[in-house]
Amino acid sequence: MIAIRGPSVIRFSLPNYRADEGPHAMQASATAFEQYSRLQDDDCGARIVAAKKKLGKRAALLAHHYQRADVYRHADLTGDSLKLSRLASQTDAEYIVFCGVHFMAEVADILCKPGQITVLPDMAAGCSMADMASVSKVERAWRELGEVLDPDQHVTPATYINSAADLKAFCGEHGGIVCTSSNAKQILEWSFARREKVLFFPDQHLGRWTGHKMGIPLEEMLVWDPDEPMGGLSVEQVKAARLLLWKGHCSVHQMFQPQHVLKFRNQHPDGLVISHPECKFEVCKLSDYVGSTETIINTIRNAPADTRWLVGTELNLVNRIAEEFKPQGKVIQFMAPLVCMCSTMARIDPQHLAWTLENLAEGRVVNRIKVPAHDAELARVALDRMLAVS
Ligand code: 13P
Ligand code: SF4
């Protein structure tokens with residue numbers, strides 16, 4: 001469903017190496033993966049179990065809820081982005097093996113303890129939404145805003161956690177903050193308590209929905225198009241806006257449409273609808289509940305037996321909970337008629353996980369995620385603000 005965009009692949013191509021070795025080790029690891037790519041999923045499953053056993057408590061395997069079933073079942077810890085950030089900061093394991101996407105592993109690297117190593121089994125597991133904002137574009141927006149007002153006095157930059165570490169660093173440096181889908185309202189309240197405007201990136205939908213829940217009228221939330229001069233806005237519009245919404249979106253969640261909800265309501269008047277806030281505003285508005293992946297799971301888990309649900313989020317999660325809650329008589333239906341998977345997260349497959357774990361068990365670190373120290377320090381400021389607020 002998602003086209004793998006260039007930057008997701010290129011930007012994350014860090015070398016694989018043994019800390020004390022040079023390019024030979026790098027080549028040895030890369031060649032070794034070729035052999036894994038030919039393995040059957042079941043064979044990989046057995047090898048993952050054996051490597052995990054060998055590593056014991058030295059490795060903690062964290063998995064996001066969208067992770068494919070044949071990887072998710074090996075996880076030690078699972079969660080939404082906020083929960084996984086906290087878990088990464090709390091584990092004492094030597095290796096944090098992150099089965100998610102690149103920005104999540106970066107957050108783990110920033111929040112983990114000195115000496116811990118974070119790895120992402122496939123460096124091509126990026127997030128297409130995160131790639132929709134870059135630090136050069138955000139810096140340009142900041143300069144353009146500076147033609148109208150002093151942004152460091154009047155605008156709080158707030159980045160969704162689905163963003164590269166240098167954008168979190170930008171927020172740390174400019175009095176800003178990070179949010180996730182589960183704490184966005186608290187974070188925006190924090191932001192508005194400091195300055196009268198917020199520049200929110202990269203997901204316009206999460207920003208708009210959260211602003212709406214806070215009572216901000218739609219006409220005071222304007223889209224900032226980073227490819228247009230001054231975001232495509234006039235000076236008067238910038239002055240009048242309270243929330244500037246970066247023109248970004250999730251390619252998976254944009255597939256869910258209001259007509260999918262209306263059709264379900266028509267067929268199942270007693271059915272309930274729950275969506276992720278990355279869905280379009282109209283879809284969120286038609287939903288009974290809107291929340292993060294963890295909220296979606298817990299809301300359905302705690303609902304009465306024999307209820308019927310339409311769920312607007314990624315397919316792996318929906319399939320998993322449909323099976324899990326079937327014994328309670330709950331019928332869980334995916335919102336779109338098409339397959340909407342996070343294809344970048346799905347790149348973390350049993351082959352890459354087996355390759356990563358077996359290398360770690362042999363003392364070879366592959367696909368290490370290491371945020372440069374300067375960015376990590378400033379990004380940590382913005383992340384710590386978030387963790388303190390939520
Ligand atoms: P959650 O924080 O709700 O898990 O969302 C992460 C994400 O990328 C959703 O697309
Ligand atoms: Fe990014 Fe969308 Fe995948 Fe979430 S579902 S990780 S926002 S591409």
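Predicted model: local features only at pLDDT ≥ 70, side-chain atom pairs only at ≥ 80, totals over all residues.
Residues are numbered from 1 along each chain as its sequence is written, chains are lettered from A and ligands numbered from 1 in the order in which they are written, and side-chain values use heavy atoms, with hydrogens and water left out.

Three cavities of 30 Å³ or more are present; a cavity is a set of points, on a 1 Å grid over the protein atoms alone, where a 1.4 Å probe fits but cannot get out. The largest cavity holds about 240 Å³ of space, a volume being the space filled by probe spheres set on the points, which are joined across faces, edges and corners. Its lining (residues with an atom within 4 Å of a point) consists of 24 residues, and Y66, M104, C127, N162 and E278 are the closest to the centre. By class, the lining has twelve nonpolar, ten polar and two charged residues, where Ala, Val, Leu, Ile, Met, Phe, Trp, Tyr, Cys and Pro count as nonpolar, Asp, Glu, Lys and Arg as charged, and the others, Gly among them, as polar.

Ligand 1 sits in the largest cavity, meaning that more than half of its atoms lie within 2 Å of the cavity's grid points. The residues around ligand 1 (those with a heavy atom within 4 Å of it) include Y66, D80, Y160, H253 and E278, and the shell divides into two nonpolar, eight polar and two charged residues.

Ten residues surround ligand 2, with C127, N162, C250, E278 and C342 the closest. Seven residues of this shell are nonpolar, two are polar and one is charged.

Two backbone features complete the picture. F201 and P202 are joined by a cis peptide bond with omega of about -10°, and P202 belongs to the loop between β7 (197–201) and α11 (204–213). Helices (H or I, at least four residues) and strands (E, at least two) are DSSP runs, numbered from the N terminus. M230, although not a glycine, has a positive phi of about 50°; M230 is found in the loop between β8 (221–224) and α12 (235–240).

Key:
1 Å grid on protein atoms, 1.4 Å probe; cavity = no way out; pocket = protein on both sides within 12 Å on 5 of 7 lines; lining within 4 Å.
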